[in-house]
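This report describes a protein model by its secondary structure, its sheet, its nonpolar cores and a few individual residues. The sequence and structure are shown first.

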Amino acid sequence: MSCARVQTYTAAKISAAERHTERKNTDYSNINVEPERIPMNVHFKSPGDKTYMQILKDMEAEGKVSRRGLRADAVLFDEIIFDINTMYFEERGGYEYAKEFFTEAYRYACEKYGEENIISAVMHADEINKAVSDELGHPVYHYHMHLIALPVVEKEIRWSKRCKDPELVGTVKEIIHQINHSKKWESREPMLDDYGEPIMRKNGKPKFRPSYSILQDEFYQHMTDHGYSGFERGKEGSTVEHLSSLRYQIEKDKKRLAIIEHNIQKAKIEYEPANGISKTYQAINNAGKKNPLTGNYSISKEDYADLTALAKEGITSRAKIGELREQVKHFQDETGKYRKAFNRLQDRYDKLTEKCSPFFQGLEHFPDVVQRFIEHISSLFAEKEKEQQRRLPKARSGRDR
């Protein structure tokens with residue numbers, strides 16, 4: 001199933017996304033990231049040695065974009081995550097096929113945003129899918145792309161009443177390329193009911209489809225038009241696949257913990273008999289007879305054979321004991337790491353299950369109603385954002401007075 005998710009960031013929050021996307025962190029909370037594979041990540045567009053904010057400021061200085069009229073906490077950056085199930089790439093060539101796929105996904109993003117407004121686009125190839133890897137018996141990686149772009153729209157700046165020339169009032173003074181997320185994602189496509197008729201609001205105006213739902217349509221259509229098939233269009237707001245994957249990973253981690261704990265117990269069992277060689281020291285001391293005159297010891301042929309065999313075994317056991325100690329320490333470290341990861345996943349799973357329980361019940365019995373509800377909620381959020389944008393000029397003019 002394809003997925004194109006949009007995440008927004010203000011100036012204050014973009015650095016955290018940048019550290020993750022550009023792999024600038026020294027430690028990763030995501031236990032699936034394998035640092036040694038970071039060089040395999042593919043940049044279709046790289047920010048180079050500049051930060052995202054530095055690039056934005058440079059574009060402002062060059063007159064390419066503008067933040068004129070925006071609040072200090074306004075959305076400045078869009079992140080689109082293009083994603084498909086792990087097995088889609090694994091069954092078609094893995095890394096090389098993923099590079100081809102996301103090259104085309106990048107072309108779609110360029111059409112959507114304009115390549116000049118894209119700051120970074122990188123395919124992550126360093127995140128292992130442990131559940132699928134265990135299932136198939138070899139490392140399998142989850143390929144996906146993070147794309148950071150500026151949501152730019154053309155905005156007309158008109159002459160105000162303060163203009164000395166009355167004939168210019170209300171006419172276009174200049175056109176700027178304004179960063180404006182709500183305008184960029186404004187939807188004008190009507191929502192239709194089961195009979196294909198527009199769904200109307202109480203005020204008689206039509207409701208519009210959520211823009212992110214349109215994004216799913218566009219991305220799916222673009223990729224299939226360019227020869228990439230074998231997957232379904234993603235569903236806006238669906239958490240079923242994520243929850244199923246999380247549950248599967250938890251079950252796999254349970255089995256992995258059981259295997260590690262079994263290995264620890266096995267190592268301890270092997271260690272105890274080897275360590276038990278010390279119990280034969282008393283028998284060794286009693287094996288020889290001391291000559292009272294010379295002070296020398298004499299032993300029987302059988303005792304000598306036993307003594308030399310024990311000496312050889314002791315030398316061998318020292319190495320074995322050291323090896324087993326290292327194994328026990330390794331397995332204990334692994335247990336601690338996976339138990340922490342397991343507890344985090346279990347906690348996420350429990351919270352997600354509790355939150356999604358009413359959603360799944362509704363989805364099972366009334367799928368059409370749930371889908372319309374999701375689209376309705378999305379449209380309400382879009383309306384709220386538009387209303388906030390409309391209030392800005394009024395609030396600003398009030399401050400000016």
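Helices (H or I, at least four residues) and strands (E, at least two) are DSSP runs, numbered from the N terminus. Arg 23 lies in the loop between α1 and β2. The model is predicted: local features need pLDDT of at least 70, side-chain atom pairs count only at pLDDT 80 or more, and totals for chains, interfaces and linings use all residues. Residues are numbered from 1 along each chain as its sequence is written, and side-chain values use heavy atoms, with hydrogens and water left out.

**Overall composition**

The secondary structure of the protein comprises 11 helices and 9 strands. Of its 401 residues, 36% are buried, where buried means under 20% relative accessible area, exposed over 50% and partly exposed in between (1.4 Å probe, protein chains only). The protein exposes about 24800 Å², of which carbon and sulfur atoms supply 52%; accessible areas come from the Shrake-Rupley method with a 1.4 Å probe, and for residues only the protein chains shown count as cover. Contact means heavy atoms within 4.5 Å. Among contacts with a separation of 6 or more, 73% join residues 24 or more positions apart.

**The sheet**

Five strands form an open sheet in the order β1-β3-β5-β4-β2, with antiparallel pairing. Because β1 (3–9) and β2 (42–45) stand at the edges with a single partner strand each, one side of each is left without a neighbour in the sheet. Neighbouring strands are turned by 20 degrees against each other on average, direction ignored. Two strands pair if DSSP finds at least two bridges between them; β3 (residues 77–83) and β5 (residues 144–149) pair over 6 bridges in the antiparallel sense. Within this pair, Glu 79 has Ile 148 of β5 as its bridge partner.

Helix α1 (residues 14–21) lies across β1, β3, β4 (118–124) and β5, and runs at about 40 degrees to β4. Axes are lines fitted to C-alpha atoms, for helices over the stretch in contact, and angles run from 0 to 180 degrees between N-to-C directions.

**Nonpolar cores**

A nonpolar core is a set of buried Ala, Val, Leu, Ile, Met, Phe, Trp, Tyr and Cys residues joined through side-chain atoms within 4.5 Å. The largest has 36 residues, and those with the most contacts inside it include Phe 82, Phe 101 and Met 145. At least two residues of this core come from each of β1, β2, β3, α3 (86–90), α4, β4, β5 and α7 (211–225). The largest share, 11 residues, is supplied by α4. Beyond residues up to four places away in sequence, Phe 101 touches Ile 84, Tyr 88, Phe 89, Phe 219, Met 223, Tyr 228 and Phe 231. Another core, of 16 residues, lies apart from the largest one and has Ala 17, Met 59, Phe 77 and Leu 150 among its members.

**Selected buried residues**

| Residue | Relative accessible area |
|---|---|
| Cys 3 | 19% |
| Cys 163 | 16% |
| Asn 117 | 7% |
| Arg 23 | 9% |

A search of the whole structure finds 0 disulfides, a disulfide being a pair of cysteine sulfur atoms within 2.5 Å.

Asn 117 is placed in the loop between α4 (95–113) and β4. Leaving aside neighbours within four places in sequence, Asn 117 is in contact with Met 59, Val 65, Ala 149, Leu 150 and Val 152.

Arg 23 has a phi near 55 degrees, a positive value in a residue other than glycine. Most residues other than glycine have a negative phi.
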